[in-house]
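Please look over this report on one model. The sequence and structure come first.

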Amino acid sequence: MIQRFNPPPGWDVPQHPWTPPAGFKKDDSWPDPPPGWEFWILSDEDESLTSPHEIEDEKLDIADLRSVLEAEIRGRLIELDDKLTLQEAGVYEYHHPLENADAYKGALEQIRDEIREVIRSGAAITSNSRFAFDNSIAKGEKFVSEISGLALNGFNQEVENTMRTLRAGTLDVAKKRVSNSAGKIAKFGKMMDLSISSDFLNLRIRELELVADYAAKLEEQRQLQREERERLREEEKARRELEAQKEKLVKEQSHYRNALAVMKDQGNLAEAAVLESRLKELDEAIALNDYRLSNVRAGYVYVISNEGAFGPGILKIGMTRRLEPMDRIHELGDASVPFRFAVHALFFSDDAVGLEARLHQELSAKRLNRVNQRKEFFFTTPAEVRDLLKEHAGALLEFDEEAVSEEFLQSKHYWPTLG
């Protein structure tokens, strides 16, 4: 048992094992000790101290922990050093456009690895190592190194920004933007022979090309989805129209049958013959309606133009399964174009899908849109399409080579003179 100092509540003194020095006095700001307070108390020192063996064990545990932590920290520092090197060069770990594109991940990772290696090796930018500043080669090297870092940072940030805004069909503009950035650096760094290396520039352009290829395929996929939705909507409209038409024909058929029975009962054979003829027509109409409902390839091939919107010599060739094909053509001439389409031909075919495909194939070299093959506009004349229809569809009852939009003709007179 030993004595230790027991400070009263509110006294700002160090904790045990502190002992008051000679001449120690209470600070005036401390409270007075409670009446009868014992400043010295007996204490079992063994309870508060650790044995030498325990101290040694703790030292060993701490040493082991320190070695583990140091190894982990070294690993993180290497990774962090790589990231800092890239960030200083303007290459950041942002959400890359190809990050979630499985088909491109391998190629992207390879390019990004090459970019990192070129930056780490110092080969991303070239310069004159013997450039003197203030008559000092050492100062010149330091100056060139700092300027090189700034130039590389600026170039890579320009590439990253271009990458983020890249869209389908804008690759040439993007490549020009990046090449111009490298050209500006070479121009301003001419005194120091400072420029982005051709290998590094090509690496970054390859990355742009990869992103552009992905963007083009993504846009193609979206276009396919839009067209598929449009096709399904069109088929659904056709189905509803055909079902409504069949319901109408069946009601009319029932009405004529009842009327025919009455005429026969009355002995009115002449009127009965007329009704029988009408019933035969209704039976044929219902049969045709059922055929069109069950045959998804049957429909109308249309040939239309819109000189006011697209100019002369351009035709649209498509197909529709709608009961009234003009409804579809009126929809195509909605608010998205200034005038309604003029109709050159509406041709019903048991295989409208196949006939449309054959016409498109024959005119493939004359497509307006050479990127999206599903656009149905062609540089051709009504006479050329008429001859193709005759060749592939046989008898052609009606074809209007001179069809023109009346809205266009009436409006053209009031157009202002340009130029």
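## Aromatic pairs

Rings of Phe, Tyr and Trp (its six-membered ring) pair if their centres lie within 6.5 Å; planes under 30 degrees apart count as stacked, over 60 as edge-to-face and the rest as tilted. The structure holds nine such aromatic pairs. W11, W30 and F39 form a cluster through ring pairs.

This is a predicted model, where local features need pLDDT of at least 70, side-chain atom pairs count only at pLDDT 80 or more, and totals for chains, interfaces and linings use all residues. Residues are numbered from 1 along each chain as its sequence is written, and side-chain values use heavy atoms, with hydrogens and water left out.

## The four-stranded sheet

Strands (E, at least two residues) and helices (H or I, at least four) are DSSP runs, numbered from the N terminus. Two strands pair if DSSP finds at least two bridges between them. An open sheet of four strands runs in the order β7-β5-β6-β8, and the pairing is antiparallel. β7 (342-349) and β8 (377-379) are the edges; each has a single partner strand, so one side of each lacks a neighbour in the sheet. On average, neighbouring strands are turned by 25 degrees against each other, direction ignored.

Three bridges join β6 and β8 in the antiparallel sense. I314 has F379 of β8 as its bridge partner. α10 lies across β5 (299-305), β6, β7 and β8, at about 160 degrees to β6. Contact here means heavy atoms within 4.5 Å. Axes are lines fitted to C-alpha atoms, for helices over the stretch in contact, with angles from 0 to 180 degrees between N-to-C directions.

## The largest pocket

A pocket is an open set of points on a 1 Å grid over the protein atoms alone, where a 1.4 Å probe fits, with protein on both sides within 12 Å along at least five of seven lines; lining residues have an atom within 4 Å of a point. The largest pocket holds about 1,100 Å³ of space, a volume filled by probe spheres set on the points, which are joined across faces, edges and corners. Its lining has 35 residues, and E227, E230, K316, R328 and E376 are the closest to the centre.

α6 (198-266) gives the largest share of the lining, 10 residues.
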